Amino acid sequence: MHISSGRWGYGLFLALLTAFLWGILPIKLKQVLQVMDPITVTWYRLTVSGCLLFAWLAVNRRLPAVGKLGRKGAGLIAVAVFGLMGNYVLYLIGLNLLSPGTAQLVVQIGPVLLLVASVFVFKERFSLGQGLGLLVLLAGFGLFFNQRLEELLTSLGVYTTGVLTILLATSIWVFYALSQKQLLTVWHSQQVMMVMYLSCALLLMPWAHPLEALQLSPLQGWLLLACCLNTLVAYGAFAEALAHWEASRVSATLALTPLVTFLAVAAAAVLWPDHVQAEDINALGYVGAVTVVVGSALVALGPSLMAGWRARRARLAQVQ
């Protein structure tokens, strides 16, 4: 069983860095999608990240040993590849129809779906604290969508299609996450990600149009490069944060990602109004966004909170 290094300050910094990078990512992607299609953007992100990881692992002589996989491992690779590829492409299709903040907030349902799936697949426990967090999260979504709730429930317009597409992308991501969790018993996380990135890029190649990059403005070209590096650096910081801090606390910190997106969009709309539009959300919607974040954090910290509560009760019982 993995034990964190105890350098919680460094782990917190890396978790916050990950939240920041993931928070600003949809803003950059939104600009690139004005010229390039979602499949091509995804192909570039996966190809650049995969090639850089391949070079790093090759230099350090840590390329994955395929012989360790076996038939079961090959099946897990296939599920993970299609899960990751579907998530990346569908997320960008949904982002094309929604604002960055809305897309990033809907993604918060992903860890909850993973938690529920882990209960059935890995027989993990679902605590009372996590159940409370789930209720808070659902209430937050209700508040966030207060302006568009009737549209979401009664029609299939652009907004509803975007939300459903992001939900589908998040659901498919769960299959990738479950498969990766098993693959980590055979390969290191960097080895798994390299194989995932390059395999997905190879499968997407027939539908990608790399020459679309020539149509980008200089600013959009730099943003595309930043999106590619963001994929690599953010996941690297996330993996390293887990090495120094408890997974539940890292997950709770990453729940801040949507708030980072909303703040970044607000700042960008003021600084670059010709490129970025402010979020069209009322005050109740922002309250809902914060509530979703609180709910996500409670879901992540549920077991730790319940364990601490039981320990305090046990100490009080001993004193009495």
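In which helix is Y159 found? I looked this up in the predicted model, and Y159 turns out to be found in helix α8.

Entry on Y159. Leaving aside residues up to four places away in sequence, I listed what Y159 touches, and the list consists of L98, T102, F144, F145, R148, E151 and L152. I also noted L97, which lies 62 residues from Y159 along the chain, while the C-alpha atoms of the two are separated by 6.5 Å.

Entry on T170. I then moved along helix α8, which spans residues 158-183, to T170. The relative accessible area of T170 is 5%, so I recorded this residue as buried too. Again not counting residues up to four places away in sequence, T170 touches N87, V106, V107, I109, G110 and L113.

Entry on α5 and α8. I turned to helix α5, residues 109-121, and found that α5 packs with α8 at an angle of about 45 degrees, the axes being 9 Å apart. The two helices are therefore oblique to each other, and their crossing is right-handed. On the α5 side I wrote down I109, G110, P111, L113, L114, A117, S118 and V121 as making the contact, and on the α8 side L167, T170, S171, W173, V174, A177 and L178. Sorted by class, this contact of α5 with α8 has eleven nonpolar and four polar residues, and I found no charged ones in it.

Notes:
Residues are numbered from 1 along each chain as its sequence is written. This is a predicted model: local features need pLDDT of at least 70, side-chain atom pairs count only at pLDDT 80 or more; totals for chains, interfaces and linings use all residues. Side-chain values use heavy atoms; hydrogens and water are left out. Helices (H or I, at least four residues) and strands (E, at least two) are DSSP runs, numbered from the N terminus. Buried means under 20% relative accessible area, exposed over 50%, partly exposed in between (1.4 Å probe, protein chains only). Contact means heavy atoms within 4.5 Å. Axes are lines fitted to C-alpha atoms, for helices over the stretch in contact, and angles run from 0 to 180 degrees between N-to-C directions. Angles under 35 degrees count as roughly parallel, over 145 as roughly antiparallel, 65 to 115 as roughly perpendicular and the rest as oblique. A crossing is left-handed if the near helix is turned anticlockwise from the far one by less than a right angle, and right-handed if clockwise. Ala, Val, Leu, Ile, Met, Phe, Trp, Tyr, Cys and Pro count as nonpolar, Asp, Glu, Lys and Arg as charged, and the others, Gly among them, as polar.
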